[in-house]
Structure formats: C-alpha cells, structure tokens
4 protein chains.
Amino acid sequence: MIYLNCDYNEGCHPKILERLLETNMDQCFGYGDDKYSNHARELIKKAIGNDNIDIFFLVSGTPTNVAGLNQILRRHQAVMAPDTAHINVHETGMPESCGHKILTFPNQNGKITVGQIEDFINQRNFEPVVEHSVEPKLVYITYPTEIGTLYSKEELEALRACCDRHNLYLYLDGARLGYGLTAEEGDITLQDIAKNCDMFYIGGTKCGALLGEAMVIVNDDLKEGFKYIIKQTGQLLAKGRTAGIQFETLFTDNLYIDICEHANKQACMIRDALKAKNIDFLYETSTNQQFPILPNSFIEKTKNEFLFDANKIISPELSAVRICTSWATKDENVEKLIRIIDKEL
Amino acid sequence: MIYLNCDYNEGCHPKILERLLETNMDQCFGYGDDKYSNHARELIKKAIGNDNIDIFFLVSGTPTNVAGLNQILRRHQAVMAPDTAHINVHETGMPESCGHKILTFPNQNGKITVGQIEDFINQRNFEPVVEHSVEPKLVYITYPTEIGTLYSKEELEALRACCDRHNLYLYLDGARLGYGLTAEEGDITLQDIAKNCDMFYIGGTKCGALLGEAMVIVNDDLKEGFKYIIKQTGQLLAKGRTAGIQFETLFTDNLYIDICEHANKQACMIRDALKAKNIDFLYETSTNQQFPILPNSFIEKTKNEFLFDANKIISPELSAVRICTSWATKDENVEKLIRIIDKEL
Amino acid sequence: MIYLNCDYNEGCHPKILERLLETNMDQCFGYGDDKYSNHARELIKKAIGNDNIDIFFLVSGTPTNVAGLNQILRRHQAVMAPDTAHINVHETGMPESCGHKILTFPNQNGKITVGQIEDFINQRNFEPVVEHSVEPKLVYITYPTEIGTLYSKEELEALRACCDRHNLYLYLDGARLGYGLTAEEGDITLQDIAKNCDMFYIGGTKCGALLGEAMVIVNDDLKEGFKYIIKQTGQLLAKGRTAGIQFETLFTDNLYIDICEHANKQACMIRDALKAKNIDFLYETSTNQQFPILPNSFIEKTKNEFLFDANKIISPELSAVRICTSWATKDENVEKLIRIIDKEL
Amino acid sequence: MIYLNCDYNEGCHPKILERLLETNMDQCFGYGDDKYSNHARELIKKAIGNDNIDIFFLVSGTPTNVAGLNQILRRHQAVMAPDTAHINVHETGMPESCGHKILTFPNQNGKITVGQIEDFINQRNFEPVVEHSVEPKLVYITYPTEIGTLYSKEELEALRACCDRHNLYLYLDGARLGYGLTAEEGDITLQDIAKNCDMFYIGGTKCGALLGEAMVIVNDDLKEGFKYIIKQTGQLLAKGRTAGIQFETLFTDNLYIDICEHANKQACMIRDALKAKNIDFLYETSTNQQFPILPNSFIEKTKNEFLFDANKIISPELSAVRICTSWATKDENVEKLIRIIDKEL
C-alpha cells in the first residue's frame, strides 16, 4: 500500500537521522541553548538575510501558533483570520483555551483580503461603544493556505500596508512554508515574508523533519519574554538539540528548498495527469497537496494500492480527495499512479 | 430629550426601590442565602411550575452566560450559536477568555436551525479524526433573539429533540425574556422554556430591574458546584439580597409580565405608525425593540427631541435605527412620537 | 438577634437609597458614562488630590482584583502576596481561572515585607535559567489586611521603593479601605495610597454601599484598554449609574470617612471591654473587625442575642470569633454587648 | 569537560536511534495511531500487568502534567501538592495559565503527607461557606520527588486510602520514574503505582529518550476525551511514532529498568565516596540525583573537568550542588571523579 494521504507518513529525511546519530553522545546545555540550535539559528538568519531576528525551535504547529498569539495579544485583543484558518478549525480550540477570540471572515480562495479587514474596521469605528467587542489586533495568514493557494507578493504587501494603517500585527503560519516558497506560481521569497510579517514560523514537521517548527520574531516589540511563553505553552524541549538539529540539517545545502520543490513537482505531475483526463479540482494549486474530484469507481479500483485522504462527498458518484506528496514520496510511486490514471480514467 | 435608544436608560421599577427601602435595615446572611432571595426562588418556581429546579441570582447578562458555559462545558467542548449571538459579538470575548470556543452559524432570521446543527454533526462524523476540532456540546439560543425575532414552540421542541439525538445541551439566554414571553406572535411560555432547556436565565436588567439575572438550572446533571462557578465568574454579590429583591418584586403580582407586555405594545404602536407610512424595517418583530429604516431627514428633524440608537447605514438618505421601549417609557412620549411620525413622514 | 458577624448584613446607607430614588427616572447613558458616575469621579479625584487618574466603578471585590491583574500582567508574569491574601484564599481561584499565578509568602502579621520580596528576587537571580518559573511583576497588598492590621506609611513607602528597584507594580486591595483610613493607629491617607500605588480600589460594599468598588489607576502605563477588561471580567453594569451613585453619595459630605470611623470606634469599645476582662485576641487591630478568643460558655450564653462569626477552634474551652461593626451597627447594640461582657466575663 | 549537571545532556539511548533508523521509511498513520505506538502500549500494559488502562505518548513533562490536570479537574477544583512540586515551581505557571489553582503544603522531606491533607479538609469543613475557596480534588505526588526522596509503599497506600475517604484523585508525576523504581531503598513497583494512582506518567526524556512521556490512565472515569485534551494542550505529534518508538525501545529487553538502575548505582558510588570524606548532603537519596554540600575550593579545583549544577549557597566556604548521572554517564568518568574525591577532599 502506498500512502499519499498526508505529508507526515514517514519519519524524517535521512540526513537528519544521520546528524542525530553523529551528535548523539555530545554533551550540550538543554532547553535550546546548545551549539546545534545556535548553528541552525545562524543558517536561518543567513537564509532570511537579517541578523536582527529572534529564532526559537518549538515542537508542533498548533502550539507554535498559540505561543505566537500568547506572545502578541493582550487578553481583550483578537485575531482576524479566514474561516478556513488552521487556528479556527483544526486546533481543538487551543487558541480559545488560552483566551484568544478569533474573528473569522469567509475565506476568499483560502485567504483573508484587505477589503474584508477594512470593512470590519470601518463598521467597528461606526459603533458608539467599541468596548463591548474584542479589539482586532493581529491578522493571521497561512502560506500556502490550508487549501494550497498562495498570497501574491502584491497581496502580502497590501496586507502589510493595511496592518500599518490600523495598528495591527501580521502573523504568518508556515506549517508548509517550503511548499509555498517553491511553488511554480508563487512569487514570494523567505526574505519577503520576513520583511512583511511581524512574526512567522518555518514549518519542519510537514517539510521533512521528525518534529519541530522554527518561530521567527522580526518585530522588536514582540521579542521580550518569549522564552517564558514557549515554556508556558508546553513547547520547551529539555533536549532542545532535537529540534535544533532538524533545522540545522534542513537549512544546510539547500535541503529544505530542494525536498519541497521536488514534492511540488511530483504533485503537479499527478495534477496534470488528472487534468489531462478532465478531472475537476476543488482548488487550484501547484503545491504538494492536490484536491481532485474523483469518480468513486476510480477510488474503489485503486484502494488496495493507494491511500488518499477522503475530503468531501460531491455527489453519489464523485468524491473530493487529498493527494499529498513529500520528501519521502518515491518517483516510481508517482509514475505508477500516473500510469493508472492514464489507463483507468 | 426623550431617550428611546435602549431599555436601560432609567433606574428600576419604583416597586423595587420601595422594597429595597422597606427591607434595608433587616439583617440577613450574605451571598444569596437570604430570605428575600429565597422568597424570589419560590415565586419563580411557582411561575415555572416546577419545584425541582435550582435558581441563582447573578449580576449581569454577559457573565451570566459565561457562568453557564463554565458550568456546562469541559474544556474541549464547544458552543453552537448563530453568528449574531450575544456571546459571539457583544461580550468582549469573555467566553473565549474562559476557554470556550463558539462554533458560529449564519443566522437564519436571528436563529440557529436544526438543519444547521444536523449538517455540522454529519460532516463532523464523516471526518476520520474528530479530536482535531472541538466537540460540540451545547446549543445556545436567545429568546427573543438579538434582532427581536422569536423561536416558535415547534422550533424550540425540534431543537430539544435534535439536542437529545446528539447528546447536546440546550441553553437559553433570556436577557429580554419578558418581552419574548409577552410578544403578540410568540407562542412559548416560561413553562415551555423550562421543559425544553437544560439551563436558561430570566433577564432582570433589561426588564425593569436595577441589575440582576436569574439563572435556572433544570437538568439535574448540571446542578453540582454552580455556587463555586458563580463566585469564580465574579458574580457573587456579598449583599445577595440586592439581586434577590429585584426578582421578588418582579415576580409579585405579575409585574414582570405586565411591564414587558406594556413595553411591547408601545413598541408595536410606534411600529404600526411607521408601517402606515410605508417605512421598511430591518427585521420583523413585535417585541420592544424596533429597527425601522428611516430617512435621515426625519432623524435630523427629531434629534433634539428623541434619541434613537444608530444601527446601520443603508444609503446616503436612509439609516436603520433601533427604537426601544421599556417599563419606564411614558405613554405620552410614545404618543408624541407617533404624532410626529404622522405629521413628518 | 443582633448580627455582628460581618459588615454586609444590611442593605446600604440610607442616603444612597434616597439618591437612587431621587434620580431613578432620569434618563442616562449606560455602562458608566452617566452624570452620576462622572460626578462621583470628580469627588474622588478631589479627595485624592490628583486629576490625572482614571476611575472605574465595578461591582464586587473579587472580580475587581482580578480585573486589576488582567489589566496589569502579561501571561507569564505573577503576583507576589502574603499567604493570607484575599486573592489567594477567598476568591475560589478566580485569579488562576484567568491565568494568574500567585507567589505566596508566609504573612508577617498579615503583611508581605520588603525583606521577603528582596530575598525572593535574589534567589531567583541566582538561578541559571529564569524562564522555568513565572516572572514576578506585581506586589499585592491589602489595607487594612485580611486580619485588620495596617501597613505604616514607612512600610508603604519602603514597598514602593522596593518595587521601583525591581521593576514591579504595587497594587492595593481596599475592600475595607475606609476602616483603614480611619483607624486610630493608622498613619496613611488616601493621598499616600495614590502616591505609592500604581493601581488600587476603594471598597464600597463593605463600607456602606449596596455594591460597587471604585478602581483607581494612577500609573499612566496601566490605563489603556481597561474598559475592555472590565467588560471581559464581567463587571460592566448596563445601568452603570447604580454603582456610580453609591460613590457619589459616599464621597459627599465626608460620609465614607464618617461611617467607617464610627464603626471603628464601636469595634474598639467592644475590644476594650473585652481587654478589660483579660480576653486575648488573635490579632491586634483598631479597625472594625475584632478577633477575640472567647470562652465557649460565653458564646453559648449569648448565642440567642448575638451572632458572631466562628473563626478558629483554640482549645476545648476557647474559640476565636470575628466581631464586626459597620455603618449600620446601632450604638445601643454595642452598649448592650458591652454590658453583657462586663457582667458575664 | 564532563557534564554531570543534569540527566538530559546527551541525545538518547543508541537503541532508540537504531530503531528510528530501522523504521524511518515505513508509512504509518499519524497522531499516535501507528504500529510502533501500539506495540509500545502493549509492552507497557504487560509491564504494569493491567490491560484495562489507556496509554498516550506526549512530548514533555510540564505539558504532560498540565494535560492531566486539564483532563481531571473541573474549573473550580484544585490540586493539593507539596510546595516543592514541579507543577508549583518549574512550569512557568502553565497549570495556572490553564486555570488550575495549586494548594501548596510545606514539603515533608519532599513529600505531602496524609496528615496535611486531613488537616486541610477538616479546617475546610469547619468553615460555614465552602464556595469562597476552591474545592480540593486531586493530590499530586512525584516519584521520586524533586529532591530524590521516595514515598514508601505504605505511604502510597495511605495516600490512596485518604483520597478514597475524601473523594480525591491521586496523580503521580513520574518524570524520573525509572530512577525511583530501581532505587535501592525503594519498595514500590510499577504495578503498585498503577494500583494506587488514578493517573500517572512514565518519564521518557530524563530516562534515556530523546523526548516523550507515557501517560497512563487507570481510573475509567478519567478516560473519556483525553485525545482532545492532548491536542488542545499542544502535545499531539503529527508523527506520533517518534514518541511511540522511544517507549517501544525502552520497554523492550528491560532497557528502561537497566539503564536507570545503572545510573543510580553510579550516583550512589559518588555519594558513598563523598560520605567517606564526611561530606554532608542536602537530602538523603539513592537515586541518580545527589545533592552534596561541597567546599567551594573543591568545586573550583574541579571546574575545568566536571560540570555540576549550582543549587544553593550554604556558607562563604560551602555550596550545595546537584550531581546527576544517566544512561549516558560513563563508568570511567564516575571512577575519575571518585579518584579526585579521594585525593582532594
């Protein structure tokens, strides 16, 4: 059986395991203050081209987002996010469990728009008493979005300008950042993200690591005290090197970019094979997640060989599924799937 | 200037002040365990026709709702509510500050429907891993709704049946309950509410009291420990008699019903006068809140005599306003307004 | 039966009820932005002798304290308080329910001392990694303390200096402030409190009001956004005038000071009568709360006439009780008790 | 330089890395529902001798404890713990950040006693109104304690009986459980712990794993919904296998017991060498952490070869330090230290 249902089916890129082996018996300080984590910080700063940033290695995506909210927001301040945002739908209320209200907006192709933010602020300013509702303070975006779409550089800069106008922070959830940075129609670089966001994280778990997310704090006003917040949000590893080594490896020899780019290419090959058969898609994307609407007969026929992620019932004959590639997806399996598509659809 | 902008412009019904005066020097136990509060409990039990209920007097609407959520929900369980729900829009995130996620649904004339709940539960059950999102556990409704609309008895009973099917609790926010119970097209009684809801509150502040809301717990499973929750939610008055006396008075000689019914009638007279002039309304309601769409010229002309609540810009010439009546609204002022409507519109 | 068990057995000072009656039908804006609340603010500013302070009227003591913590502390910052602090023992964990850790210190005659704070900070600075424990940020004191003792002016100023040295805020819980300000051995004025504290509240409920506490924010850095916090902490009254009128009355014609001073005198008369009979006390105080250790036989003999508050079992023959006076305590009842003490002890 | 300051200086036991390598390319389901985690569960159930338990693999100690509290306690219920408890002093307020109040008791050689619990409950029952303070509901213990001491089997059973009498849960933090189970004077087995505790965790990070703690739920009443709580507490690894494999390896061929036992023996050899030189200790323990009070001259002399953990200034000439051994401590380094002790002290 070949799993193509998600991008975390295997362990981690072999180079990370090698490095864990190689360094295993070295003695280091705990809690992220070790040589491997510090080296990883240097590599990331270099990739971003900015030395004046703070970098921390956390464990998982959900609590990394929440640690960000915990750091940024006072208790009466709220997040603005598209309704499809990970923090809104797939974090079991962890943001709310920490006191954060999320103001949601109907997603526009997976995104929140400047227009939506402006309209909300205008309506709010029209009301006589603002204190009966939360104060919007942070805009949350994902790159790529939950459905694989991409903000353009122009959109990103417009969001930044909007945040500046209204004294809002811009936070970017980069759980699958590698796939966004290397998507064929994407025009945003890591440097662009650091220039336009106050805080963001570079995803490890879904981009080849065993675990680990790298939080980057760009805005000086948001730096103080974050170590406390990491610990209080349950994200401080005693053996902090474990997370640091993931990023040290991923940011050496362009590995992070290379493996994500390759996964994107594999996904696009599958996408193109399906499109050639006039298969519709839920969303248009050139990243590693594809959401084709397949005949149930095809899913049935391939189910002993391929595992896809059930996503949505479309009709009695059609279902949307998610097909995911990653660093671990073998070219031969992609080719095998394409041959079956060619033959069976 | 005549204020018709909300239903809490004045102090309280004079009979309450009389009773406060009359009992002022009596010595009582604190924290709600006094003779007046106990008498009020008896009167409410009699009005509901059920002795096996617990009644507590809290201070304000927002924290009363949150105390309810604090009592009912475990930390991974969530509320289902229409997007216009008070807990969603006008509580400055107090529910979230206490850890509660609110799953919102596009309101259907101010309401949440059985269909919406069923669809959500079905989609949820379709997903492979339910633990990545909160567990829906409580349906929140308001009677009358934020926009003055009313659930029918049939709708209420259908919600109850739906909750039973899916192991959900039904909670009713009765901030303006008196106006709902006495609305001309309403067919729900206080007994119906107690029969169909697990927990609800009878609003005092907006129905003639200085302050105070009466929480009623019907479901035995939800009774344990609520006194702790009241205290922890900041709603325990040292001089608990202050709140108890409000409800003792309101539930004596049918006062609660009479004053709300009268306010509804006044509001409907204004409504009918406006309708006679072909004025449109944002929402159709026979309760004490009316939302007519008025020519700005009319608002301008009357602004030195009458204060309405600005609600929504409709066009350069038209604005929706809220006109509210209450126990304190004088008939002569209603008549005066109607004369002006007749003359100026 | 004469209740002397606490200082909130009756309603409120009659002048407050008079004022409620007198103003009942005036129409005002809600939520604390009314003429009575504004007038009360002016009177308090005058009493403090400082115009550059923010004043808000909340409902009850526990949530007023918590609103203060909510305003002041980031989520990894903690309170330092004596173990007897109200926030630690009698708030049903409301501070913790809002995320606040309280670092407690063995009380020194009801107080926290500069020495305790210094020692704690020194030990903390000695540790290699500070982020594994909360950051102390606020010192919480009560005046008078829970057991009726008083900080001297010198102690208050030393605490202020200590807070300045270590970048801490100083917060004062004034639930019974009137009794502290008028205690015979006290040397602190309302002005001293405002000069030395960053934030404090003037207690209403226990000093003659039906309800209400006046939060005073002195430090400019702590002013922003407090209206949101009041609402989110469940302390915003729709009919804000209700609380405002309490303080307007109490701060007119020296009423607050006069009634508290009189209650202190009554308590001291009882204390002195007991001391003349060689009765020991748990704590030495000249405020309205007295904690004599009485023979059980005396308690038994008087129990049909006087209610005291059981406090602590001392021995099979002796029990400590609390005897409380207030604005409502009648001189004749005090005299009656003293006659019985003289005769029976 | 030889680090003996803590038990998490190195990576993990080599067998774990081997297993990670061996299984790296296998495709599994995420979130803990994989074959390795399931195998680890079987091995632990067998070690405990109880099939009717639930086992979950979390990441770190602090959030594992908090997930336990989140699962067990309603919001007005509190933990009872010794003042030295990890949850009280070294979790940066994470328990409080999730709403939990900790009732602390002066530790008795690192422990909480039945007498302390009984006294507290008795005093509480004596008070007229219990709702003004939190309801104690859970007793938190650590094995071994923070200072390396051990509850005896008799003490553990007495705590269980006490919890039964007062309707309390018993929770055990086993961050260093392996060292407790193998300590020479310990008389408690893993089975004893499972018999007497409602919930506990088996520590991985400090006992040879890269990361990971195994939560064991024994009491059926505490099982429902814990997967949600794990996710909401930020402890759900996408690649759950990473944690599962740690425990699979540690519970194969007695590895967990063997490595901890060996580390204890090393620590005791160092302890005995120091005792032979009449060195005093802060606490008496036969576990892997030793707290000798050393002459500063000795610390100075050895500081280029050995790193200890500074713990407490005792006098100008003496300092208490922590010396820790672990699976990774080399016998030759222990011998080297003992030779220096023999020579220099």
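A quick word on the ground rules. This is a predicted model, where local features need pLDDT of at least 70, side-chain atom pairs count only at pLDDT 80 or more, and totals for chains, interfaces and linings use all residues. Residues are numbered from 1 along each chain as its sequence is written, chains are lettered from A and ligands numbered from 1 in the order in which they are written, and side-chain values use heavy atoms, with hydrogens and water left out.

Here is the D/A pairing in brief.

| Item (chain D and chain A) | Value |
|---|---|
| Residues of chain D in contact with chain A | 50 residues |
| Residues of chain A in contact with chain D | 50 residues |
| Salt bridges | zero salt bridges |
| Polar contacts, both at pLDDT 80 or more | 28 residue pairs |

Contact means heavy atoms within 4.5 Å. A salt bridge would take a side-chain nitrogen of Lys or Arg within 4 Å of a carboxyl oxygen of Asp or Glu. A polar contact is a pair of N or O atoms within 3.5 Å; within protein, one must be able to donate a hydrogen and the other to accept it, and residues adjacent in sequence count only if both atoms are side-chain atoms.

On the side of chain D that touches chain A, at least two residues each come from β1 (2-3), α1 (14-23), α3 (61-72), α5 (94-97), α10 (226-232) and α11 (241-250). These are DSSP runs numbered from the N terminus: helices (H or I, at least four residues) and strands (E, at least two). α1(D) gives the largest share, four residues.

Now for one residue, T92(D), in the loop between α4 (86-89) and α5 of chain D. T92(D) is buried, at a relative accessible area of 1% (buried means under 20%, 1.4 Å probe, protein chains only). Its contacts beyond four places in sequence include Y228(A) and K231(A), as well as H132(C). A polar atom of the T92(D) side chain sits 2.6 Å from the backbone oxygen of E131(C).

How values were computed:
Buried < 20%, exposed > 50% of the residue type's maximum accessible area, 1.4 Å probe, protein only.
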